[in-house]
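Please read it with the structure open.

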Amino acid sequence: MRTSEDWWAIWCAGLLLIVGFIAVWMNAPDPPPPGSKEKVSVSSPLKPWLSKPSTWRENPLHAFYTPVEVVAQWEQEAAEAKKKANAEAAERWGEKSEPKEAAKPEATEPEAAKPEAAAEKSPPKPPKAVNTIYGTLGSFLVIGLLFAGAIHIRGQSARKFLTAFPVVFALATVAYVLSGQSVIKAYNLEYALWALLVGLIISNTIGTPKWLGPAVLTEFYIKTGLVLLGAEVLMSRLVALGLPGVFVAWVVTPIVLITTYIFGQKVLKMESRSLNMVIAADMSVCGVSAAIATAAACKAKKEELSLAIGLSLSFTVVMMVVLPMVIKFLDLSPTLGGAWLGGTIDATGAVAAAGATLGDEALEVASAVKMIQNILIGVTAFCVAVYWVTSVERDPSAPRPSAMEIWYRFPKFVIGFVVASIVFSILHAVLPLGPEMVSAMIKDSTKTIRSWLFCMAFVSIGLQTNFRELMPYFKGGKPMILYVCGQSLNLILTLAMAWLMFEVVFKDVVSP
């Protein structure tokens, strides 16, 4: 527990969660009296110190500082675009907003005669300047110092890490700035793609300097981020969505994973079983997270993990753009479309981005289904570890591996993911202002740190990936064929199960 990267991912994420929640708890107002309909707003005092670059138009510096007048113009354009998108969605899905408008009582004569009084009651709030320089520096200091301390206790050189970390963080910042450009953002090209490209350009041109190695900690960044993600995957989401999402996520996924693995071994006859398994888990469960957990369980090579993640990210970018178009073309309902997105697109962020293009209802269903599917990370890793120890690496002349070998192979950070989910589900349900405090902690602090960790992980993947070293794995095109065939099966089965659960069996339950 003192030197293992998995355990330190839990300790680092746990410390961030504890500090974040305590900060919100101490800043939270008194809860309203029982029976009151008063809405209480809770925010984290850490928010001003933790942030990431935001949107920019022509000048890249707008990602860090934008004049008040420009912010006001952007907000107006965003409001108009949202209003237009909602109107188009309402027209397409057959929703009508007229009754809601008509339900509003007309202003009485005295109220209509006093516009000044109404203005005094709700004065317009002046737009605030977007200034994320200090927030970005705050995230840099928090992550840098926390990881330097962990690396020092683990017996490694914190000085070398601190020398290289600013460069990795700077590259992640560049990726955020690129993804935040307004034109690029309109095409849903997320920071993960830019972070990967930034790292790939360096590693495949000038090469990754050796002194940068101590801060290129792909797995450490993602494992810590996954434990933070556990606080967002509340158990109440499972209850709220019910059985339909469970059937879509937990029935189709194992079928696709096992079928894809057998297809790779029996039909494609892939030489590397570990590569076959990592690609199958990456494509069927939830992308990068499942790939890392499965790679740890089956002792896959880093090159194999990089190949699987590269395939996943490439197809994720395509699917998050094309799949919503297909859903609109087929005229599927928002609920069915959202469930299809949540069960097939690999990355959680890409699922949310694709769901948002179909409206709020599709976004809600897609995110919930993906959250349920994320829980299979631990189950998949455990089952793969059992299979690998008892079957793949079994040697009749060698002693039979003990049950403890499975524990040694099991990715321990998954325990932190599950524990964080349970703890914050309890806090969400028990505390008087539990939902508001948990939401404020996630939105204003831990989610930002998690995003930075994931971004640096994608940069690290790019820095560690050299196409010349990966070419042998593309020999014969087997990895690409495996991914395409497996994802095709995933698309068909998920759509069929989503239609059966959301449109037939539980139609009355899930309808808004």
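The points below run from the whole chain to single residues.

1. Basis. This is a predicted model, so local features need pLDDT of at least 70 and side-chain atom pairs pLDDT 80 or more, while totals for chains, interfaces and linings use all residues. Residues are numbered from 1 along each chain as its sequence is written, and side-chain values use heavy atoms, with hydrogens and water left out.

2. Overall make-up. The protein chain has 26 helices and two strands. These are DSSP runs numbered from the N terminus: helices are H or I with at least four residues, strands E with at least two. Of its 512 residues, 48% count as buried. Buried means under 20% relative accessible area, exposed over 50%, and partly exposed in between (1.4 Å probe, protein chains only).

3. Surface and contacts. Among contacts with a separation of 6 or more, 80% join residues 24 or more positions apart. A contact means heavy atoms within 4.5 Å.

4. Core. The largest nonpolar core holds 136 residues. Phe161, Tyr221, Ile345, Met456 and Phe458 have the most contacts inside it. Helix α23 (residues 434–464) gives the most to this core, with 16 residues. Such a core is a set of buried Ala, Val, Leu, Ile, Met, Phe, Trp, Tyr and Cys residues joined through side-chain atoms within 4.5 Å.

5. Isoleucine 345. Neighbours within four places in sequence aside, isoleucine 345 contacts Thr316, Met319, Met320, Leu323, Ala350, Val351, Ala354 and Lys370.

6. Leucine 212. This residue sits in the loop between α9 (191–203) and α10 (218–230). Leucine 212 counts as buried, at 3% relative accessibility. Not counting residues up to four places away in sequence, leucine 212 touches Ala164, Val167, Val168 and Leu463. Leucine 162 is 50 residues from leucine 212 in sequence and 10.0 Å away in space, C-alpha to C-alpha.

7. Leucine 243. Helix α12 (residues 243–250) contains leucine 243. Its relative accessible area is 47%, so leucine 243 is partly exposed.

8. Cysteines. The structure holds zero disulfides (pairs of cysteine sulfur atoms within 2.5 Å). Cysteine 12 is buried, at 1% relative accessibility. Cysteine 485 is partly exposed, at 34%.
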